[in-house]
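Please keep the viewer open as you read.

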Amino acid sequence: MKLDNSVNSYAKWTLILGAILIFILPFSVSFLNLEVLGEYGPVGDTIGGITSPVSQLLGSILIYLALKAQLDANTIIQNQVNEDNKQSLIRHDLEQIQELYSFFQNNIKSFSYDKDFSGRSSLIFGKRAIKHFFQDIEDMNVNIHNDDDILKIDGVREILSIINSAKLILQKNKNSKLAKEDKEFYNTLIYHELVFSIFPAKEIENEDPLALKKCTICEIYHGNFPPLIFHKIQELKKEF
């Protein structure tokens with residue numbers, strides 16, 4: 001930028017000096033010996049010969065300045081196009097993330113669980129249903145270490161879909177063109193939904209004996225989570 005300003009300054013000063021010379025040179029002829037000057041041809045041709053190089057130099061400078069202005073204008077237009085394309089990509093990423101988040105929330109809201117309250121069955125939905133589902137899954141007559149048996153339980157596939165949709169949002173957010181602050185906002189939003197609204201905070205945040213019960217079969221601290229779901233949660237944690 002400093003080099004361009006320096007070149008432009010030199011060109012402008014040369015243009016000013018050349019313009020002054022064009023006006024001064026014809027008048028300076030009167031101070032010369034016209035008889036000697038006439039030996040080189042008609043006086044008008046002589047004056048033209050003297051001022052012609054200066055005029056050509058000024059013309060070259062004007063052409064340079066015109067081309068320079070055109071190049072600068074093209075650069076500005078190209079930068080604007082690039083910025084518009086960048087903003088378009090950001091809007092596209094934002095729309096996709098918002099759609100994925102809506103899908104994620106709808107998965108949570110539509111989750112249903114038939115809960116037995118003191119011998120009375122009640123169909124509950126959303127975050128409350130998910131919490132009761134995890135509370136009761138340990139008492140279900142099923143081998144939680146058998147993925148095929150776990151997948152037969154109503155609600156397990158829906159839970160996995162919720163986890164996968166959250167993972168998809170986090171990956172999309174990570175690879176998007178959004179500003180750092182916006183990425184952190186969506187990460188916090190998903191983290192809040194998962195940790196504080198769905199899964200018990202200690203069980204998703206930790207993997208130590210103080211937070212989770214050690215399984216006597218697989219010796220993994222997965223608490224009351226079936227390993228299939230627990231490992232999906234651990235994979236999800238890596239995306240934060």
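This is a predicted model: local features need pLDDT of at least 70, side-chain atom pairs count only at pLDDT 80 or more; totals for chains, interfaces and linings use all residues.

Residues are numbered from 1 along each chain as its sequence is written, and side-chain values use heavy atoms, with hydrogens and water left out.

**Overall build**

- The chain has nine helices and two strands, where helices (H or I, at least four residues) and strands (E, at least two) are DSSP runs numbered from the N terminus.
- Read from the N terminus, the order of elements is α-α-α-β-β-α-α-α-α-α-α.
- Of the 240 residues in the chain, 30% are buried; buried means under 20% relative accessible area, exposed over 50%, and partly exposed in between, with a 1.4 Å probe and protein chains only.
- Take the contacts (heavy atoms within 4.5 Å) between residues at least 6 apart in sequence: 59% of them join residues at least 24 apart.

**The strand pair**

- β1 and β2 (residues 120–125) pair in the antiparallel sense over six bridges; two strands pair if DSSP finds at least two bridges between them.
- Ser112 has Phe125 in β2 as its bridge partner, and Asp114 has Leu123 in β2.
- Two residues lie between the strands of this hairpin, in which Ser118 takes a positive phi near 55°.

**The largest pocket**

- The largest pocket holds about 160 Å³ of space; grid points are joined across faces, edges and corners, and the volume is the space filled by probe spheres set on the points.
- On a 1 Å grid over the protein atoms alone, a pocket is an open set of points where a 1.4 Å probe fits, with protein on both sides within 12 Å along at least five of seven lines, and lining residues have an atom within 4 Å of a point.
- α3 (43–110), β1 (112–117) and α6 (156–175) each supply at least two lining residues, with β1 giving the most, at three.
- Among the lining residues are Ser112 and Asp114, along with Asn107, Met140 and Glu158.
- By class, the lining has five nonpolar, four polar and three charged residues; Ala, Val, Leu, Ile, Met, Phe, Trp, Tyr, Cys and Pro count as nonpolar, Asp, Glu, Lys and Arg as charged, and the others, Gly among them, as polar.

- Leu100 sits in helix α3 and is buried, with a relative accessible area of 19%.
- Beyond its neighbours within four places in sequence, Leu100 is in contact with Leu168, Ile169 and Lys172; the C-alpha atoms of Leu100 and Lys172, 72 residues apart along the chain, are separated by 9.2 Å.
- Ile144 belongs to the loop between α4 (126–137) and α5 (147–151), and counts as buried at 16% relative accessibility.
- Setting aside neighbours within four places in sequence, Ile144 is in contact with Ile150, His222, Phe225, Pro226 and Pro227.
- Ile144 and Phe225 are 81 residues apart along the chain, with their C-alpha atoms separated by 8.0 Å.
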